[in-house]
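The sequence and structure are shown first.

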Amino acid sequence: MAHIRSFLKREPVLMAAVLAALVSCFLVPPDAAYLHYPDFRTLALLYCLMTVVAGLRSAGFFSALSHILCEKVESVRLLGLTLVLLCFFSSMLVTNDVALLTFVPFAVVVLGMANRKKDLILVVVLQTVAANLGSMLTPVGNPQNLYLYSYYDLGFGDFLRITGPVWLLSLVLCALGCLLLPHEKLSLFLGEKPETDKKRLLFYAALFVVCLLVVLRVLHWAVMLLIVLAALAVGEYFGVDRRDAIDAIAEFVPTNNRSQMVRTERNTLIVDAYNANLTSMLAALGNFRRIRHPHKMVILGDMKELGDASEEAH
């Protein structure tokens, strides 16, 4: 019981959501339509993005980026502008909430080291505004964007054309807001540059690219989720250190006709001809269908070694 009480105290938002869901069951009785309510693609993308961003943070990426951008600023106004724009631009890729959770604490530390705590409230307010406005540009900027992007089946270019003009105006306004900070000289020493785990950084950067491919509908979200989770789970079962498993995945390049990408002078070929069964064939065709290109074609061969099910599968 103590563990249950501890869990309930740690997860008040989750418990509130569960309670609200239970209440809604009385208003709308459960039936088969419930299975269609969750948007699993959006949920999977959010989970993967949050996991990847947490990995990038643990690899030291954001600390190193902040250190590089802030160590040479020479005025309070320029420091504030840098901290605000960090939130504005990063929120486009790592969501507005993660941008604030990452860079607001950094702003508190940096302004404290610079003996400029009196400017902290204004900087944090501008960071909050910047993170929310900057996140509007891309589908992965915030959960609402991701849901609308999926629900209305928008193309990536269409989404940018809708959000781009307002995003540019927001960028100008955030920059103008930083003029409220004093233009006073600043002497700031942040110490040694934070170290980054390069292999881990490479691994999570690769996973982030995979997430973007799902956003662009080049890759099916279920394929991404299954491959990565299965690789880590198998490694765990056989006693392979998780860090070693991450390194192996990070260094993997598809070859030997297994989803291998081959570029010629005139075409790009996706060669997936090592072996096939019905499930892998449908997954490959599903992924290929999502690739947006005006000229594309599929060349299919036989699926071998299917036994009695061969005719029906074909």
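Is Asp-158 buried, partly exposed or exposed? With a relative accessible area of 36%, Asp-158 is partly exposed, where buried means under 20% relative accessible area, exposed over 50%, and partly exposed in between (1.4 Å probe, protein chains only).

## Basis of the model

The model is predicted: local features need pLDDT of at least 70 and side-chain atom pairs count only at pLDDT 80 or more, while totals for chains, interfaces and linings use all residues. Residues are numbered from 1 along each chain as its sequence is written, and side-chain values use heavy atoms, with hydrogens and water left out.

## Salt bridges

The structure holds three salt bridges, each defined as a side-chain nitrogen of Lys or Arg within 4 Å of a carboxyl oxygen of Asp or Glu. Arg-116, Asp-119 and Glu-184 are linked in a network of such bridges.

## The pair in helix H9

Asp-158 and Arg-161 form a salt bridge through their side chains, at 2.3 Å from N to O. The two residues are separated by about one helical turn because they are three residues apart in helix H9; helices here are DSSP runs (H or I, at least four residues), strands are likewise DSSP runs (E, at least two), and both are numbered from the N terminus. Arg-161 has 58% relative accessibility and therefore counts as exposed.

The side chain of Arg-116 meets that of Glu-184 in a salt bridge of 2.8 Å, N to O. This pair links distant parts of the chain, 68 residues apart: Arg-116 lies in the loop between H6 and H7, and Glu-184 in the loop between helix H9 (156-177) and helix H10 (198-215). Arg-116 counts as buried because its relative accessibility is 9%, whereas Glu-184, at 37%, counts as partly exposed.

Arg-116 also forms a salt bridge with the side chain of Asp-119, again with an N to O distance of 2.8 Å.

## Surroundings of Asp-119

Asp-119 is located in the loop between helix H6 (96-113) and helix H7 (120-134). Its relative accessibility is 10%, so Asp-119 counts as buried. Leaving aside residues up to four places away in sequence, Asp-119 touches Val-76, Leu-111, Leu-181 and Pro-182, where contact means heavy atoms within 4.5 Å.
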